[in-house]
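Visitor: I have a structure to read. Please take me through its features one at a time.

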Amino acid sequence: MFRTMASSIFDMRLSGGHPALELVNTLDSRRGRWGPDFLRSFDDVLAFVERLQLIDARGLASLRERAAVDSGKAEDALARLIELREAIYSLFLAEDTDTPYPHRALSTVAEIARVGRARQTLLKSNQNFVWALPFDDLSDIFHLFAIAATDLLTNRSGRRRVRECKGDNCGWLFLDRSKGGRRRWCSEASCGVHSRVKRFRAHGDDR
């Protein structure tokens, strides 16, 4: 039984609770089957960050224009983002399995974040100041998610560990913000229901 009827970046469920984990979950399944991958083009990437409200309209327009001018660079940026996605997945899967963070994945994420942080500028936002990327280069897309991932890492003591959904044909990652800290599924409405149905049918076969 499949976990989701989503077919694209536009209707995939946002269940991770953090931008870095939502990026990981753009691959529809990692357990039982692989994919489909919702990041099939740079346009998908822009639609994704727009859904997450990570970039304002000016930044999106700037990146869209640059992607249209240099399709080869847009393809490279997409490939780099997917490479980063898999490194982030390896990192936070380690929390679920209570194993050390893999060195190679940690180095990949940290280096991309380091370069991204060097590109940030201090901007005034309402009554506050924030560090922000200029979004005048396609590379800022993967810098954005690497910085988000390292922010999640450095806040490890202030949150519960990242969990992996145990549903068939899933493997999505999520932050467990449930009251009791016992959340098992990316979504009760999808993997939770499917798991209970499967268990009920298995018990019926044993009778």
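Visitor: Is Arg-31 buried, partly exposed or exposed?

Guide: Start with the cut-offs. Buried means under 20% relative accessible area, exposed means over 50%, and partly exposed lies in between, with a 1.4 Å probe and protein chains only. Arg-31 has 30% relative accessibility, so Arg-31 counts as partly exposed.

Visitor: What kind of model is this, and how are residues numbered?

Guide: This is a predicted model, where local features need pLDDT of at least 70 and side-chain atom pairs count only at pLDDT 80 or more, while totals for chains, interfaces and linings use all residues. Residues are numbered from 1 along each chain as its sequence is written, and side-chain values use heavy atoms, leaving out hydrogens and water.

Visitor: With which residue does Arg-31 form a salt bridge?

Guide: The general idea: side chains of opposite charge can pair when their charged atoms come close. A salt bridge here is a side-chain nitrogen of Lys or Arg within 4 Å of a carboxyl oxygen of Asp or Glu. Arg-31 bridges to Glu-164, with the closest N and O atoms 3.9 Å apart. Arg-31 sits in the loop between H1 and helix H2 (42–51), and Glu-164 in strand E3 (residues 162–164), so the pair ties together parts 133 residues apart in sequence. Helices (H or I, at least four residues) and strands (E, at least two) are DSSP runs, numbered from the N terminus. Glu-164 is buried, at a relative accessible area of 8%.

Visitor: Which residues are linked with Arg-31 in a network of salt bridges?

Guide: The network links Arg-31, Asp-96, Arg-160, Arg-163, Glu-164, Lys-166 and Asp-176.

Visitor: How many salt bridges does the whole structure have?

Guide: The search finds 17. One of them joins Glu-95 and Arg-159, with closest N and O atoms 2.8 Å apart. That pair links distant parts of the chain: Glu-95 is in helix H4 (residues 71–97), and Arg-159 is in the loop between helix H6 (140–154) and E3, 64 residues apart. Glu-95 is buried at 5%, and Arg-159 counts as buried at 15%. Asp-140 and Arg-119 form a salt bridge too, at 2.7 Å between the closest N and O atoms. Asp-140 lies in helix H6 and Arg-119 in helix H5 (residues 103–119), 21 residues apart. Asp-140 is buried at 0%, whereas Arg-119 is partly exposed at 28%.

Visitor: Which buried residue has no salt bridge?

Guide: Look at Glu-22, in helix H1 (residues 19–24). Glu-22 is buried, and the nearest side chain of opposite charge, Arg-177, is 7.7 Å away. For charge, Lys and Arg count as positive and Asp and Glu as negative; His and the chain ends are not counted. Contact means heavy atoms within 4.5 Å. Leaving aside residues up to four places away in sequence, Glu-22 touches several residues, including Met-12, Arg-13, Phe-48 and Leu-52.

Visitor: How many aromatic pairs does the structure hold?

Guide: One. Rings of Phe, Tyr and Trp (its six-membered ring) pair if their centres lie within 6.5 Å; planes under 30 degrees apart count as stacked, over 60 as edge-to-face and the rest as tilted. Phe-48 and Phe-145 are stacked, at 5.9 Å centre to centre and 15 degrees between the planes. Phe-48 is in helix H2 and Phe-145 in helix H6, so the pair ties together parts 97 residues apart in sequence. Both Phe-48 and Phe-145 are buried.
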